[in-house]
Amino acid sequence: MKRQVTVGLDQTTHALAAARWAAREATLRDVPLHLLHTEDWPLTSEIPQPFIQSLVERCEALLQDTAGQVRRDNPGLEVTTELAQGGAIQVLTRVADESVVTVLGSRGLGTLAGFLIGSVSLGVVAKTLSPVVLVRPEESGAASLAEEASDGHPEIVLGLDVSHPCDPLLAFAFEQAARRDTALRVVHSWSLPAMYTHAAILDPNVGSGVGQHAASELTEMLSPWREKFPQVDVSETVVMAPPASELVQASQGAELVVVGRRRSRPLGPHIGHVTHAVIHHSSAPVAVIPYG
């Protein structure tokens, strides 16, 4: 694995937001920033050479313009560029697996609607073995809205399922909070087993024991990480609610939302319905961490 943060660029304006986020991440990690653009153009004799040359020049200009901007904003940051030929998902996945973090942009639908994630980003998130961060476009007034929602103290939100070991997910979230000097809020949603459904109608407190057990499991899971990162201010939220909606709500004003993707899936690589919903509707950047 190369000690670098990679950002995938395309010809749209939202890629600049991803590059800026990635540049800050690279600066915090003290590693180079790698700007990557990929094109899957057919290299055949039927395609006029001037057309191919013009396309290459436009792509190179995109890389150099973006590199110049992030260098100006981050003096001293080492920035490299790469123009690759091939399928975007395949190329980005290969480079992502060689990077500590890969950052991709998304088309925005507005503060309430969240992200519009393209098939390339979804394909990379589903296949890569390394963390991927999805960054929405920089919208006018979005920063002030986020600050207002967080009372001026943005936090990192981690969605956690206590039923699965997930050390890579915990490590990423705690390291991000420590590196950014930001509070960490850990959210775990639980639901009543099917056998409790009818009893809960008669007695709303029937599931209190299940909730207390979930809270106890979360505290126990976080205990060694609190000891390892004593400087991180950690809060726990345990709630009986659909996990996706709870994380989307928690994303309001958050600096980053961290969710997981289990690698060991019987039907092959896919994202999972909770993570899929979060990356489409979160109002904050979303880090997807493969584990398991």
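In what hand does α9 cross α10, right-handed or left-handed? The crossing of α9 past α10 is right-handed; a crossing counts as right-handed if the near helix is turned clockwise from the far one by less than a right angle, and as left-handed if anticlockwise. The model is predicted, with local features requiring pLDDT of at least 70 and side-chain atom pairs counting only at pLDDT 80 or more, while totals for chains, interfaces and linings use all residues. Residues are numbered from 1 along each chain as its sequence is written, and side-chain values use heavy atoms, with hydrogens and water left out.

**The chain as a whole**

- The protein chain holds 10 helices and 12 strands, where helices (H or I, at least four residues) and strands (E, at least two) are DSSP runs numbered from the N terminus.
- Of the 292 residues in the protein chain, 48% are buried; buried means under 20% relative accessible area, exposed over 50%, and partly exposed in between, with a 1.4 Å probe and protein chains only.
- Among contacts in the protein chain with a separation of 6 or more, 79% join residues 24 or more positions apart; a contact means heavy atoms within 4.5 Å.
- The protein chain has an accessible surface of about 14200 Å², and carbon and sulfur atoms contribute 55% of that; the areas come from the Shrake-Rupley method with a 1.4 Å probe.

**Helices α9 and α10**

- Two packed helices are described by the angle between their axes and the distance between the axes.
- Helices α9 and α10 pack at about 30 degrees with axes 9 Å apart; axes are lines fitted to C-alpha atoms, for helices over the stretch in contact, and angles run from 0 to 180 degrees between N-to-C directions.
- The pair α9 and α10 is therefore roughly parallel, given that angles under 35 degrees count as roughly parallel, over 145 as roughly antiparallel, 65 to 115 as roughly perpendicular and the rest as oblique.
- From α9, Pro243, Ala244, Leu247 and Val248 meet Val274, Ala277, Val278 and His281 of α10.
- The contact of α9 with α10 comprises 7 nonpolar residues, 1 polar residue and no charged residues; Ala, Val, Leu, Ile, Met, Phe, Trp, Tyr, Cys and Pro count as nonpolar, Asp, Glu, Lys and Arg as charged, and the others, Gly among them, as polar.
- Helix α9 spans residues 243–250, and its buried residues are Ala244, Glu246, Leu247, Val248 and Ala250.
- The cover over the buried residues of α9 includes β8 (155–159), β9, β10 (234–240), β11 and α10.

**Helices α3 and α4**

- The axes of α3 (residues 88–96) and α4 (residues 119–127) come within 9 Å and cross at roughly 40 degrees.
- That angle makes α3 oblique to α4.
- The crossing of α3 and α4 is right-handed.
- On the α3 side, Ala88, Ile89, Leu92 and Thr93 meet Ser119, Val120, Gly123, Val124 and Lys127 of α4.
- By class, the contact of α3 with α4 has 5 nonpolar, 3 polar and 1 charged residues.
- Val91, Leu92, Thr93, Val95 and Ala96 are buried in α3, and the elements covering the buried residues of α3 include β1, β2, β3 (79–85), β4 and α4.
- The buried residues of α4 are Ser121, Leu122, Gly123, Val124, Val125 and Ala126, which pack against α3, β4 (101–105), β7 (132–135), β11 (256–262), α10 (273–281) and β12 (286–291).

**Helices α1 and α6**

- The axes of α1 (residues 14–29) and α6 (residues 167–180) come within 10 Å and cross at roughly 85 degrees.
- Helices α1 and α6 are therefore roughly perpendicular to each other.
- Trp21, Arg24, Glu25, Leu28 and Arg29 of α1 meet Phe172, Gln176, Arg179 and Arg180 of α6.
- The contact of α1 with α6 divides into 3 nonpolar, 1 polar and 5 charged residues.

**Positive phi in two loops**

- Most residues other than glycine have a negative phi.
- Asp30, in the loop between α1 and β2 (33–39), has a positive phi of about 60 degrees although it is not a glycine.
- Asp30 is exposed, at 71% relative accessibility.
- Asp181, in the loop between α6 and β9 (183–190), has a positive phi near 55 degrees and is likewise not a glycine.
- Asp181 is exposed, with a relative accessible area of 71%.

**Arg3**

- Arg3 lies in the segment before β1 (5–8) and is exposed, with a relative accessible area of 54%.
- Not counting residues up to four places away in sequence, Arg3 touches Val31, Pro32 and Val100.
- Arg3 and Val100 are 97 residues apart along the chain, and their C-alpha atoms are separated by 6.1 Å.
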